[in-house]
Amino acid sequence: MSKSSKWAVIIVAVVIIIAVAVGLRKPKEEIAEVPPESLKAAMVTDVGGLGDESFNDAAYKGLKEAEEKLGFEITVVESKKMDDYEPNLRSLGDQDTDISWAIGFLLTDAVDTVASEYPDLKFGLIDSVVEQPNVASATFKEEEGSFLLGVIAAKMTKTGTVGFVGGMEVPVIEHFDAGFHAGVRAADPNVKVLRGYTGKFDDPAKGKEVALAQFNQGADIIFHASGACGLGVIEAAKEQGEGYWAMGVDSCQHHLAPDNVMSCMMKRVDVAVFDITERVKDETFEPTHYVFGLAENGVGTCDKTSDHVPEEILDEVEKYREMIVNGDIVVPASYTELEAFTPPAA
Amino acid sequence: MLNADLTPKGVRGVSNNGKDLQKPGEQMFRISREQAVELSIPIVAVLLALLLGAFLILFIGRSPQEAYSALLQGAFGSKRDIAETLINVTPLIFTGLSVAFSFKCGLFNIGAEGQFIMGQIVAAWIGFQLTGLPTVIHMPLAFLLGAFAGGLWAALPGYLKAKLGVHEVINTIMMNYIALYFSHYLVMGVLKEPGPIPQTPPVVAAARLWKILPGTRLHFGLILALGAVWLVYYLLFKTTLGYEIRAVGINPHAARYGGINVSRDIIIAMSISGALSGAAGAVQALGVQFRFLDLFGFVGYGFDGIAVALLGRNHPFGVLIAATLFGTLARGAITMQSIAKIPKQIIGIIQATIVIIVAADEVLRRLLKSRSPGTQASVDAGEVERDGE
Amino acid sequence: MESNNLADITIYIALVVSTLRMATPLILAGLGGVFSERSGVVNIALEGIMLIAAFMGMLVSYFTNAPWLGVLAAVASGAAVAWLHAVICIKYKSNQVVSGTAINLFSVGFTGFMLRKVFEHAGQSPPVAKVADWTIPLIEKIPVVGAMIGKHTPFVYLSLIAVVISNFVLFKTKLGLRIRAVGEHPKAAETVGVDVFAIRYLCVLLSGALAGLAGASLSLGFLSQFRENMTGGRGFIALAAMIFGKWTPYGTLRACLLFGFADALQILSQTLGLTFIPRDFLLMAPYILTMAALAGVIGRSVPPAASGIPYERQK
């Protein structure tokens with residue numbers, strides 16, 4: 001007992017002495033260093049962190065662009081645990097970050113709390129909505145973009161079976177799942193859709209196994225919305241070779257396997273982050289809820305789609321796109337809506 | 001038959017069970033050379049680890065001075081920083097105690113992670129489901145039921161170990177995954193708040209842990225954690241049950257011949273261990289997040305708890321110190337990222353280095369002392385029952 | 001969703017193939033555990049060793065474009081990390097669980113850090129060359145069996161061969177006898193002239209090499225890149241499989257196959273649209289099955305008597 005408490009005393013003493021020494025010395029000189037004209041933009045990732053092949057990476061891309069094109073000074077804080085969201089946002093607030101981005105719906109509560117503590121600073125939130133005078137929220141109609149991929153898959157399949165691989169069954173993944181199913185059904189109701197979930201977002205080997213099971217059951221095109229598990233889905237298509245396809249998600253994943261990635265569902269988190277960050281610079285920032293759908297070019301198919309998909313199918317996809325933009329098709333975003341969904345005669 | 005070297009003698013360090021079995025409180029304040037060496041080991045470990053971290057920071061072209069001052073500023077720079085540090089420390093105290101407690105009984109509870117999850121979701125559930133209760137009833141109820149859930153989650157592996165001899169390491173690992181998917185099932189199903197986010201409704205005000213430092217989110221959980229340190233100390237070293245549990249931990253066969261009900265003690269020890277991890281989850285639900293958010297993967301408090309327990313040499317007070325160190329580094333990692341732009345992995349490497357140096361304390365001991373101490377045999381914590389026949 | 005024809009043979013082929021694939025890293029790492037613990041050293045660092053090896057293997061394959069060189073590097077780095085574990089545990093007689101835990105902690109930080117340092121990219125490495133599949137000449141031609149075991153990534157075959165060799169070494173050779181003696185009665189072993197330290201060093205290094213191979217199977221066999229935390233707890237599952245298999249190679253193999261099978265079944269059930277079971281319970285199934293199998297069938301498992309206890313040389 002006394003041995004342990006002696007340790008305690010010694011360690012705590014040493015730490016405090018250093019802390020005080022540094023704390024007393026540091027802060028004053030630093031204030032003047034930051035040139036006043038450079039605006040600060042930053043982001044806090046969710047637990048997925050950078051390299052999630054999903055919204056964190058996309059947001060980072062947008063932030064990078066803001067650094068290069070708009071001269072923002074940028075910072076990224078990766079969250080290790082859920083409990084870190086609030087303090088991570090606060091640490092950005094403490095540094096007078098002009099706009100702090102919170103990436104992912106898991107940060108909703110944290111943004112709600114912290115934004116009110118820093119009324120003079122601005123915050124952005126991806127994939128969820130917080131109504132506060134200094135918060136801009138951006139959500140995406142993933143189902144609309146996924147619908148187009150469903151159309152492509154249904155038109156392109158040679159086997160009459162396509163697949164969907166999800167990460168975990170949560171509402172945002174349901175958007176992809178339901179939209180894709182609806183697209184397939186609209187384009188060709190006879191095409192069968194297999195569905196599988198990995199139960200994780202960060203295990204590519206698992207993603208590959210689920211994809212292989214679907215290929216084995218006759219699917220030849222698989223759309224994934226499973227974060228880094230998708231690397232395995234693409235690997236599976238690559239390994240199966242010609243005639244087997246993966247469809248990427250969030251950003252263009254074509255480069256991972258140029259011969260086997262047919263198309264990707266672009267979710268332009270980068271555009272949302274860049275645009276709203278730019279508004280901070282232009283002083284046109286509005287604390288509203290931005291919805292990015294097909295009409296806003298917030299979701300859609302990637303440029304590489306035309307590498308593998310013939311013109312006439314792209315034309316048809318374009319037709320569906322217009323119908324969605326016009327409101328002729330309301331794409332289902334959940335399983336219940338999907339059940340009620342009847343595709344219009346195209 | 002077992003040979004003699006299975007009986008620990010002159011045990012030290014992590015497995016100082018033998019020493020603990022002697023009456024406590026007989027140590028005096030005189031610090032011998034040997035004790036001075038013992039005391040300096042963790043400090044040297046921390047300093048060496050920070051030194052290694054400094055090299056890595058230089059390696060990526062950043063300034064270690066800037067990085068570490070950001071770390072300290074983040075951990076202790078203001079009242080709120082200190083509060084945040086303590087918030088990080090709190091669950092680690094619980095999970096560290098949890099793992100340490102199981103080690104004391106010769107069990108390896110690698111399932112703190114799963115017990116944490118169960119504690120968290122049950123506490124959140126009680127926290128939002130019941131309404132109209134006064135705080136003095138609702139808050140302890142939610143906390144205790146959370147702890148209870150963690151205890152139950154660990155009792156099953158304990159039972160299987162005691163009655164069927166199934167190794168607890170397997171079952172606690174399996175139950176981590178089961179807890180993860182089960183919590184996802186609940187939070188997407190019966191416990192889900194309507195809306196697009198996979199989370200439970202918020203915990204009502206009456207069930208939230210009191211704030212104990214105005215202007216910060218520091219909550220009563222810290223006091224509970226400190227209480228748990230004392231409770232575990234008391235339980236282990238001042239009660240018959242604690243004596244029995246430690247006896248089982250040292251040698252279950254001898255304990256059995258000595259008339260101790262080994263099966264019962266194993267189940268009890270696992271349950272208490274699980275309850276401590278459950279309490280960690282409950283504290284996070286009722287004091288920090290105020291709801292259960294879908295996890296998408298393990299949070300890590302349970303696995304960090306293993307490191308904390310081992311670093312704290314399985315002693316409640318050692319756990320307290322180790323948790324403080326780990327929590328401080330975790331908090332400092334945030335500001336190291338946001339101010340000094342240092343990747344968070346550096347902190348992981350520093351933490352690992354501290355543990356590894358403490359693990360290899362014999363190396364330091366030999367360096368610091370002229371000659372090595374006598375025979376030592378540690379009882380490994382992961383390995384438990386030996387049937388000598 | 002329409003139900004598939006369960007009489008369709010391809011389903012069963014797929015199940016076997018998938019089981020083998022998913023069991024492979026577990027088998028390799030599990031064997032590593034067997035050697036280490038049989039000699040008396042607990043190695044819970046399997047997870048961390050796999051992760052570091054997966055990274056090093058990828059790195060070498062990336063720079064040399066020679067995947068087998070990458071595999072070698074993975075094995076070597078696995079052994080190197082295990083050597084550290086061995087020195088700490090055997091020479092300095094430190095607590096083996098502490099050392100293992102530290103290595104696991106270290107591996108996550110180290111690989112994440114190096115990934116960013118080398119590729120300036122978080123999350124995953126660029127795609128690298130992976131080892132090509134092996135086809136087994138005659139067997140490949142046999143119907144059904146050929147489809148099941150005729151063509152796989154080499155790691156599948158290596159893991160099965162490793163099981164046979166390990167079993168032979170442990171139970172049919174003098175070395176194996178020594179290993180087991182050192183793990184059960186180190187003092188007695190030394191009395192008859194066995195070098196306890198040498199045997200333990202050898203076994204821990206072997207354990208690291210096998211775990212390294214397991215890591216390579218992930219980054220250079222099943223996938224062709226490194227991803228942070230790509231081991232995803234497989235080292236711990238392997239540890240469980242080793243105990244499940246009562247510290248024997250064949251037992252470990254059986255346990256890994258059971259686990260792989262349960263996982264394959266779970267994935268197949270999803271693919272076939274068996275949606276009357278909630279998906280989360282399907283995902284849990286492998287873990288529940290393992291527990292049930294242990295409680296119902298296997299029962300008591302007894303580690304080597306001296307496992308976990310540092311050995312002090314006799315005068």
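The model shown here is predicted.

**The sheet of chain A**

What is the order of the strands in the sheet? It is β7-β6-β8-β9-β10-β12 in chain A. These 6 strands form an open sheet, and the pairing is mixed. At the edges stand β7 (192-197) and β12 (299-301) of chain A. Each edge strand has a single partner, so one side of each is left without a neighbour in the sheet. From one strand to the next, the twist averages 15°.

Strands of a sheet pair through backbone hydrogen bonds, and the pairing is either parallel or antiparallel. Strand β9 (residues 245-250) of chain A pairs with strand β10 (residues 261-267) of chain A in the parallel sense. Their pairing covers 5 bridges. Within this pair of strands, V249(A) has M265(A), in β10(A), as its bridge partner.

**A salt bridge from chain A to chain B**

Over all chains, the structure holds 36 salt bridges. One links E86(A) and R217(B), whose closest N and O atoms are 3.7 Å apart. Why does this pair join two chains? E86(A) lies in helix α4 (residues 85-94) of chain A, while R217(B) lies in the loop between α7 (168-188) and α8 (221-238) of chain B, so the link crosses from one chain to the other.

The size of an interface is often given as the accessible area lost when the parts come together. Chain C and chain B bury about 5400 Å² between them. Of that area, 73% is on carbon and sulfur atoms. How many salt bridges does the rule find across this interface? The count for chain C and chain B is 0. Polar contact is found for 2 residue pairs across the interface of chain C and chain B, both at pLDDT 80 or more.

Five helices of chain C each supply at least two residues of the side that touches chain B: α3 (67-91), α4 (96-119), α9 (186-191), α11 (234-244) and α13 (279-298). The largest share, 15 residues, comes from α4(C).

The table gives the make-up of this contact.

| Item | Value |
|---|---|
| Chain C, in the contact | 62 residues |
| Chain B, in the contact | 64 residues |
| Chain C side, nonpolar | 39 residues |
| Chain C side, polar | 14 residues |

Conventions. Residues are numbered from 1 along each chain as its sequence is written. Chains are lettered from A and ligands numbered from 1 in the order in which they are written. This is a predicted model: local features need pLDDT of at least 70, side-chain atom pairs count only at pLDDT 80 or more; totals for chains, interfaces and linings use all residues. Side-chain values use heavy atoms; hydrogens and water are left out. Contact means heavy atoms within 4.5 Å. Buried area is the accessible area (1.4 Å probe) that two parts lose on being put together, summed over both. A salt bridge is a side-chain nitrogen of Lys or Arg within 4 Å of a carboxyl oxygen of Asp or Glu. A polar contact is a pair of N or O atoms within 3.5 Å; within protein, one must be able to donate a hydrogen and the other to accept it, and residues adjacent in sequence count only if both atoms are side-chain atoms. Helices (H or I, at least four residues) and strands (E, at least two) are DSSP runs, numbered from the N terminus. Ala, Val, Leu, Ile, Met, Phe, Trp, Tyr, Cys and Pro count as nonpolar, Asp, Glu, Lys and Arg as charged, and the others, Gly among them, as polar. Two strands pair if DSSP finds at least two bridges between them. Axes are lines fitted to C-alpha atoms, for helices over the stretch in contact, and angles run from 0 to 180 degrees between N-to-C directions.
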